[in-house]
Amino acid sequence: MSKLNFTPEQRFMIALLCDLHRKPDEREFRPENIKLIMSAITGGHDWAIDWEMGGLFPESPDNYDDVKFVSDVLDMWDFIELGWSKLQDAEKDEIRAAVPYLTEPKFIGFDGNNETDYLAIARMLVEEMNRFSTFKGRSLNSHSPKIDRYRDMLTKWPGIRSTVRMGQISVEQLIELLSRD
């Protein structure tokens with residue numbers, strides 16, 4: 001199946017059409033916006049729409065590699081958190097002894113200042129698409145960069161992922177994932 005790839009003009013038209021299905025008091029495009037759009041279009045002032053409403057639309061669509069990365073990170077952390085929740089206290093203490101900086105592993109997201117594309121993708125997956133429900137309702141803004149850490153963890157993940165079932169991740173596998181080499 002081919003991937004959708006909308007032009008900015010198509011995004012704008014789709015947004016206008018979707019907005020029509022909202023209640024009038026919930027619409028993004030207010031009457032004053034529509035008046036401006038009509039004036040710009042009929043006067044040949046396309047730039048005016050960009051100037052006034054450009055912030056509503058991204059410069060470019062999400063990079064598929066970034067979407068895959070975020071999805072893989074969420075998948076990994078879903079296993080980590082569920083696995084942790086099923087451990088006995090002695091097993092948790094064993095992991096904490098091996099990973100001294102760890103209190104409780106919890107996915108905290110991506111940096112809202114420096115990893116905004118990743119944060120937006122995570123929020124789309126979790127909040128809008130209802131994927132990875134474990135993380136629903138969390139801010140997902142880590143307030144510090146996490147991508148390098150997640151990339152490191154993901155180098156170990158495929159070998160572990162192929163051997164575990166949901167919630168059945170071992171103490172040794174958790175130590176391997178959560179340790180910083």
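Colleague: Leaving aside neighbours within four places in sequence, which residues is W77 in contact with?

Modeller: Contact means heavy atoms within 4.5 Å. By that rule, W77 is in contact with P105, K106, F107, F135, Y150, M153 and L178, once neighbours within four places are set aside. This is a predicted model, so local features need pLDDT of at least 70 and side-chain atom pairs count only at pLDDT 80 or more, while totals for chains, interfaces and linings use all residues. Residues are numbered from 1 along each chain as its sequence is written, and side-chain values use heavy atoms, with hydrogens and water left out.

Colleague: Where is W77 found, and is W77 buried or exposed?

Modeller: W77 sits in helix 4. Helices (H or I, at least four residues) and strands (E, at least two) are DSSP runs, numbered from the N terminus. W77 counts as buried because its relative accessibility is 7%. The cut-offs are under 20% relative accessible area for buried, over 50% for exposed, and partly exposed in between (1.4 Å probe, protein chains only).

Colleague: Which residues touch the most other members of the largest nonpolar core?

Modeller: In soluble globular proteins, nonpolar side chains tend to be buried together. A nonpolar core is a set of buried Ala, Val, Leu, Ile, Met, Phe, Trp, Tyr and Cys residues joined through side-chain atoms within 4.5 Å. Here the largest has 37 residues, and W77, I95 and F110 touch the most other members. Helix 4 (64-85), helix 6 (116-128), helix 7 (147-161) and helix 8 (171-178) each give two or more residues to this core. Helix 4 supplies the largest share, nine residues. A second, separate core has seven residues, including F12, I37, A48 and I49.

Colleague: At what angle do the axes of helix 4 and helix 7 cross?

Modeller: Two packed helices are described by the angle between their axes and the distance between the axes. Axes are lines fitted to C-alpha atoms, for helices over the stretch in contact, and angles run from 0 to 180 degrees between N-to-C directions. Helix 4 and helix 7 have axes that come within 10 Å and cross at roughly 70 degrees. The two are therefore roughly perpendicular. Angles under 35 degrees count as roughly parallel, over 145 as roughly antiparallel, 65 to 115 as roughly perpendicular and the rest as oblique.

Colleague: Which residues of helix 4 and helix 7 meet?

Modeller: From helix 4 come F69, D72, V73, D75, M76, W77, F79 and I80; from helix 7 come I147, Y150, R151, M153, L154, W157 and R161. By class, that contact has eleven nonpolar, no polar and four charged residues. Ala, Val, Leu, Ile, Met, Phe, Trp, Tyr, Cys and Pro count as nonpolar, Asp, Glu, Lys and Arg as charged, and the others, Gly among them, as polar. Take F69 in helix 4. F69 is buried, with a relative accessible area of 8%. F69 and I147 are 78 residues apart in sequence and 9.5 Å apart in space, C-alpha to C-alpha.

Colleague: How do helix 4 and helix 8 cross?

Modeller: Their axes come within 11 Å and cross at roughly 135 degrees. That makes helix 4 oblique to helix 8. M76, W77, I80 and W84 of helix 4 meet L174, L177 and L178 of helix 8. This contact has seven nonpolar, no polar and no charged residues.

Colleague: What is phi of L140, and what is phi of H143?

Modeller: Most residues other than glycine have a negative phi. L140 has a positive phi, near 65 degrees. H143 also has a positive phi, near 65 degrees. L140 lies in the loop between helix 6 and helix 7, and H143 is in the loop between helix 6 and helix 7 as well. L140 is buried at 2% relative accessibility, whereas H143 is exposed at 62%.
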